[in-house]
Amino acid sequence: MLYAFRTPPKESRLVTTSLYCPRFIGRERELGALTEAARRAAAGHGAIAFVSGDAGAGKTRTIDELCRRMPRGMRCYRAVCLEYAPSPLGPVADILADLEAERRAPSPGAGFATPTGDDPADKRRLFERIATALRTAGTLEPFAMVIDDAHWSDTVTLELLHFLIGALDDARVLIIVAYRTDELTETHGLSALIGRAARARSVQRIELQPLSPAHIRELIDATLPKNVHVSAESLRGIRDRSEGNPLFAEEFLKAVVDDERFGETRQALPESLRSLLHERLRRLDPADIRLLEIAALIGRRFGAAFLARIGGRDVGSLQPFLRTAIDEHFLVEDVAEPGCFTFRHALTRDTILDGMLAMDARAMHRVIAQQIEREPDRAERIVELAEHYWRAAAFVECAVNAQPAGDLAKARYAYAEAAELYERALACGAVDERGLVVLHEKAASAYGSLGVPQKVLEHLQVAVDYYTATADTARLAGVYLDLAFALRRVGDTERESAVLRRAAVLSEKIGDEKLLLRSTAQLANVHAVAEEWPEVEADLRAAQPIRRHADPPDEIRLLTSSAFLHLAKDELDAWQDDFERAAAIARAHGDPSLIAFALTSYAVGARKLARFDIALPAFREAAATGRTYGPTYQAAFARLGYANVLYLTGELRASRAEMLDILGDVHQSTTIRILIAQFGVALAIALRDDALAERCHAAELLDAAFATNEPIQYAPLAATVAEYHLAEGADEDAVALLERMLAALPEGWSDCEVLLPVAVCCSERDVDGARARLDEAAALAHNPFVDAYRELFEAYAAARFGSRERKLRHAKSAATALRRLRMPLLEAEAYELAEQPARTVALCETIGARRLPRRIGPRPKRRSSTTHLTAREREIVDVALRGLPNSAIADELSLSERTVEAHLAAAYRKLGVRSRGELISVLRSDP
């Protein structure tokens with residue numbers, strides 16, 4: 001990949017930006033396990049937890065967070081094992097000294113001396129004294145003792161830990177042993193200890209795996225200063241190069257922010273990471289380092305036989321080197337393909353390459369490329385071949401290989417790789433002008449599948465200029481059709497329609513029926529999205545005489561347009577038949593983007609009918625098909641649809657997990673970003689997750705959505721943001737935004753979801769106008785989804801402008817309809833309007849909702865602190881914060897379940913909340 005990191009300046013920087021992530025991200029499961037171990041230890045069930053992970057994985061941050069969430073009255077004491085100043089039992093002695101100082105009295109273990117001989121009896125007596133000291137300290141106050149960097153611990157400390165495993169079972173002590181996975185070998189004493197301790201019930205192992213791309217992106221968003229803009233390319237580079245390591249992500253982010261401050265672009269690794277990795281490399285022999293250099297030049301993955309040929313060695317002589325590299329955590333062997341090895345971390349490879357002279361690296365890349373030319377599988381390795389010629393600056397040879405390599409990558413649906421290879425072929429420039437234009441078109445096609453419309457527009461503009469100048473009308477019409485897709489994805493729908501009409505005119509002019517059909521199919525799709533049904537019917541009629549020319553993409557677009565038309569006419573059998581035919585054609589064709597498009601269109605139609613039994617699996621299959629080949633546009637669209645249906649059906653936690661995963665990618669399509677804002681903010685409202693809302697929505701997106709002049713883009717986003725204002729109590733902002741939306745909506749547009757918030761806060765005149773639109777929609781087709789929303793709309797309208805009796809009637813009817821459709825969040829809303837708060841609270845607790853989107857009447861005033869709670873109420877609330885049910889709270893505190901319910905109800909009332917979710921939200925923000 002090409003990353004936006006910069007070359008080192010001539011003078012080193014003495015001042016760099018200090019960045020720190022203010023939120024704890026991505027280790028909730030591991031933290032939960034440690035918190036539970038702490039709770040059990042506080043109750044008298046001593047335990048030992050081994051916490052491991054690579055350098056920078058977040059062990060220290062996780063333990064810091066644990067210390068903040070300890071059970072009440074439990075303290076944490078920490079000590080570190082030192083690599084260059086080891087001392088027998090040093091960290092234990094430090095912790096015992098801290099315990100003694102804390103209590104201002106000698107502890108039973110004070111003044112112990114490490115045995116100097118090998119007498120087991122002396123050692124056992126010492127260990128028993130330490131165990132007694134720890135147990136005694138725990139009787140006074142439960143505590144956790146953390147031994148950090150245990151990979152540098154001495155032998156006696158490890159023996160003591162082994163002894164304590166069985167000696168502290170009944171003590172109020174939690175021992176946490178933290179160590180680096182990448183510093184541990186099989187022969188290390190700590191490895192042996194962990195192996196022996198594995199079966200003990202009091203021992204727990206917690207290994208911190210790399211964070212997901214979604215969590216890394218969340219970390220970047222939370223850490224990045226608000227006044228600093230980072231390009232999409234740099235964001236992708238940070239996410240990909242960090243490989244899930246939070247320290248690496250933070251250090252790369254610091255480097256990028258420094259670049260913004262100093263106005264330079266660097267390629268080198270941040271100095272902090274370089275020194276960390278060089279320290280480990282210094283352990284190797286020079287001969288092994290040279291072999292690692294050659295392996296790094298070959299690639300992230302390499303074969304031992306190929307490395308031997310390049311290095312002038314026989315495979316057998318590589319065995320000691322490979323064993324050492326694996327033991328030192330530089331390489332891992334592919335078990336499925338023995339003899340193939342991969343660098344454990346890309347940064348290790350980068351560090352090795354960073355230390356090489358450029359001229360040596362270039363020369364070796366040429367040697368590697370020439371060797372690949374002689375390999376029997378050269379054709380399958382053409383991508384690799386193009387890469388090495390590029391790195392060798394052998395541009396003539398690269399030009400010969402880069403374009404076919406890009407074609408191969410695209411045929412494999414590896415669109416990102418294909419786009420980069422086409423870019424390199426263009427940079428080499430060893431073809432004529434027309435050949436360069438073809439390369440621009442190929443690059444545009446790859447970027448189009450990826451969902452990077454700005455790059456598509458850049459490349460296709462070159463083609464438009466060339467074909468216009470050469471009067472190649474057929475090629476120009478084809479380019480216009482590709483251009484239209486990119487224009488839609490940047491939200492320029494007016495230009496999109498103009499370009500499509502121009503393509504149709506040119507196709508008719510030259511009598512090219514295939515091109516004419518393609519332009520007609522795309523126009524039909526555009527009109528279907530805009531719900532311009534007479535135009536859709538006209539397009540389908542125009543396509544009929546020439547439909548024999550349809551290839552699979554055109555046939556699928558015609559079928560989806562026809563299906564949406566049937567849906568609008570309430571012809572549901574024909575709707576389903578068209579979509580199923582489109583999906584079958586797409587699956588037979590095999591293009592993942594086409595499959596995702598057909599299935600996503602089917603799912604969108606099913607969602608309009610609240611046929612979630614169809615929508616969920618269709619969105620899921622579309623997302624899975626697309627994601628197999630990377631973050632494509634269609635896959636992102638499908639994943640967003642899937643997340644939204646999970647939200648509608650009350651699977652809020654699953655929806656949030658999917659949304660965070662989507663946010664892990666860097667999306668450059670305006671259409672995708674608008675959908676992220678629309679669905680993400682709606683979810684954030686229900687979860688009271690302002691951080692999620694902030695990540696999903698940017699103020700400029702509203703203007704971008706309105707600029708499209710397409711109701712399907714601006715209306716849902718405007719309605720969702722208005723609901724966010726309502727949830728926050730900013731009713732005036734909500735009204736202003738909804739009035740802007742209503743003024744822009746064309747006649748006949750009647751989306752029930754976007755009109756519902758109008759009944760909550762807008763004027764009676766606007767409510768009447770929205771009602772007329774809903775009545776018009778209901779007259780066209782019977783749709784239970786629309787009917788349920790209409791009842792909810794009327795309940796809100798009656799609450800403000802009608803009678804209580806009418807409000808209750810419509811609210812109860814809405815609740816019944818929504819329960820039938822299995823939409824629990826809206827059902828809870830209907831129960832609130834029906835004045836059945838117990839049912840509202842029960843539903844919200846079941847699905848994990850912390851607030852409802854829209855509320856009528858005075859909102860409960862929340863206290864500014866929890867000081868109004870009694871001691872017993874606060875005690876029960878503290879346990880409730882762990883998510884335990886009332887029965888478990890009662891067991892833990894030796895109370896009856898009814899007493900717990902009564903105290904929780906009192907806490908709800910005092911804090912002005914209506915559910916367990918809201919209670920947790922209030923107390924986490926105001927402990």
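Modeller: Let's start with a term: buried means under 20% relative accessible area, exposed means over 50%, and partly exposed is in between, using a 1.4 Å probe and protein chains only. Val735 has a relative accessible area of 19%, so Val735 is buried. Also, this is a predicted model, where local features need pLDDT of at least 70, side-chain atom pairs count only at pLDDT 80 or more, and totals for chains, interfaces and linings use all residues. Residues are numbered from 1 along each chain as its sequence is written, and side-chain values use heavy atoms, with hydrogens and water left out.

Biologist: Okay, and where does Val735 lie?

Modeller: Val735 is in helix α35, residues 731-744. Helices here are DSSP runs of H or I with at least four residues, strands are E runs with at least two, and both are numbered from the N terminus.

Biologist: Which parts does the pair of Tyr77 and Phe143 tie together?

Modeller: Tyr77 lies in strand β2 (residues 75-80) and Phe143 in strand β3 (residues 143-148), so the pair ties together parts that are 66 residues apart in sequence. Tyr77 and Phe143 are both buried.

Biologist: Why is the pair of Phe706 and Tyr714 stacked?

Modeller: The ring centres of Phe706 and Tyr714 are 4.9 Å apart and the planes are at 15°, so the pair is stacked. Phe706 is buried, and Tyr714 is buried too.

Biologist: Which residues form an aromatic cluster?

Modeller: Phe564, Trp575, Phe579 and Tyr602 form one.

Biologist: Which rings have a charged end of Arg381 or Arg489 sitting over them?

Modeller: The charged end of Arg381 sits over the ring of Phe306, 4.5 Å from the ring's centre. For Arg489, the ring is that of Tyr633, with 3.7 Å to the centre. A charge sits over a ring if NZ of Lys or CZ of Arg is within 6 Å of the ring centre and within 35 degrees of the ring normal.

Biologist: How many disulfides does the structure hold?

Modeller: The count is 0, where a disulfide is a pair of cysteine sulfur atoms within 2.5 Å. Take Cys21: the nearest cysteine sulfur, that of Cys696, is 17 Å away.

Biologist: Is Cys21 buried or exposed?

Modeller: Cys21 has 1% relative accessibility, so Cys21 counts as buried. Cys76, at 22% relative accessibility, counts as partly exposed.

Biologist: What's the phi of Leu89?

Modeller: Leu89 has a positive phi of about 60°, although it is not a glycine. Most residues other than glycine have a negative phi. Leu89 sits in the loop between β2 and α3 (90-103), and at 0% relative accessibility Leu89 counts as buried. Asp149 also has a positive phi, near 50°. Asp149 is in the loop between β3 and α5 (155-167).

Biologist: Last one: how many cavities of 30 Å³ or more are there?

Modeller: There are 4. A cavity is a set of points on a 1 Å grid over the protein atoms alone where a 1.4 Å probe fits but cannot get out, and lining residues have an atom within 4 Å of a point. The largest cavity has a volume of about 110 Å³, where grid points are joined across faces, edges and corners and a volume is the space filled by probe spheres set on the points. Helix α10 (residues 271-281) gives the largest share of that cavity's lining, 4 residues.

Notes: On a 1 Å grid over the protein atoms alone, a cavity is a set of points where a 1.4 Å probe fits but cannot get out, and a pocket is an open set with protein on both sides within 12 Å along at least five of seven lines; lining residues have an atom within 4 Å of a point. Rings of Phe, Tyr and Trp (its six-membered ring) pair if their centres lie within 6.5 Å; planes under 30 degrees apart count as stacked, over 60 as edge-to-face and the rest as tilted.
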